[in-house]
Amino acid sequence: MKTVIRLKGEMRDSRIEWMKMIPNEWTTPKLLYVLRNKISDGPHETPNYVENGIPFISLECLNESKTINFSLCKRFISQEDYNRYSLKTKLEMGDILFSKAASIGKTAIVDERQFMVWSPIAIIKSNARKIDNKFLYYLLNCTELIMSITLNGSVNTQINVGMREIEQVRIPLPILPEQQIIAAYLDEKCEKIDEIIAEAKASIDEYKELKQSVIFEAVTKGLDKNVEMKDSGVKAIGKVNNKYNVAKIAELNDGLTDGTHGTYERFDSGKLLLSSKNVQHNGLVIGNNESYISEEDSNSTKTNAFCLGIILCN
């Protein structure tokens with residue numbers, strides 16, 4: 001079956017906000033329709049961890065690839081606990097993992113390795129007669145679908161989406177052979193894109209190191225490459241320009257201080273309250289979802305307020 005290129009007239013309105021236009025012959029069933037079991041999750045208790053045992057996977061082990069990053073797994077459980085938790089839902093090769101709390105929509109496909117997941121991770125078992133497993137994996141990686149699922153979540157200290165809510169989301173569904181063609185196409189395309197991303201990240205890391213090296217050389221040795229050097233007496237600094245003095249930071253400023261240690265009511269507008277996430281290597285970063293406090297609370301923290309020209313350090 002060849003890749004199908006459809007004309008505009010062969011598309012229809014899905015009447016589903018997140019997917020918009022779809023091919024005429026595609027259907028839009030609920031996710032539960034293409035599953036062989038209801039969605040389940042890992043244990044809702046904190047296990048007794050062991051030093052060496054079966055990996056107990058949490059959200060940080062799910063990344064932008066199909067596979068689980070076991071190198072990030074820091075917790076392990078006993079065979080006994082694994083057997084007990086598997087009574088609820090046994091992980092099988094091909095199952096899709098989907099994070100349903102905190103960071104919604106992180107995914108992976110279960111391989112042959114033995115492990116267990118915690119409760120923030122949903123376990124999705126596809127019905128091979130209705131949907132191609134890789135097609136479903138790519139579908140669950142759609143930002144628009146993830147946003148639609150997230151909007152149905154509840155918010156306490158973090159966003160949580162119920163398994164029954166995930167099951168009710170509607171998905172675009174072509175016939176099975178076309179699903180397989182789309183999945184194969186995405187495998188090829190995404191592999192090439194991942195290679196480009198990896199190369200770009202490597203280049204970025206190299207330039208970051210170069211930037212730090214240039215800064216370090218300039219501030220410790222100056223711009224004259226022929227100047228005489230001397231030992232700074234500080235192991236981390238090494239040799240410095242012979243004309244330089246070595247001083248403690250406290251000798252060069254009016255003292256170090258930090259931000260407020262208080263807890264304040266947050267508002268949609270008011271005085272901006274910054275945190276460590278706003279202080280990045282490239283400067284002060286202020287996004288669209290920042291925290292604001294009242295004028296009164298801001299005035300109460302004026303001893304820690306800052307003015308033009310001061311340096312923030314994370």
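Q: Buried means under 20% relative accessible area, exposed over 50%, and partly exposed in between (1.4 Å probe, protein chains only); is Glu167 buried or exposed?
A: This is a predicted model, in which local features need pLDDT of at least 70 and side-chain atom pairs count only at pLDDT 80 or more, while totals for chains, interfaces and linings use all residues. Residues are numbered from 1 along each chain as its sequence is written, and side-chain values use heavy atoms, with hydrogens and water left out. Because its relative accessibility is 2%, Glu167 counts as buried.

Q: Which residue forms a salt bridge with Glu167?
A: A salt bridge is a side-chain nitrogen of Lys or Arg within 4 Å of a carboxyl oxygen of Asp or Glu. The closest N and O atoms are 2.8 Å apart, and the partner of Glu167 is Arg164.

Q: How many residues apart in sequence are Arg36 and Glu92?
A: Arg36 and Glu92 form a salt bridge, with the closest N and O atoms 2.7 Å apart. Arg36 lies in the loop between strands E2 (21–23) and E3 (40–41), and Glu92 in the loop between helix H1 (79–86) and strand E6 (96–99), so the pair ties together parts whose separation in sequence is 56 residues.

Q: Which residue meets Asp187 in a salt bridge?
A: Asp187 is one of the buried residues in H5. Its side chain meets, at 2.9 Å from N to O, that of Lys66.

Conventions: Helix = DSSP H or I, 4+ residues; strand = E, 2+ residues; numbered from the N terminus.
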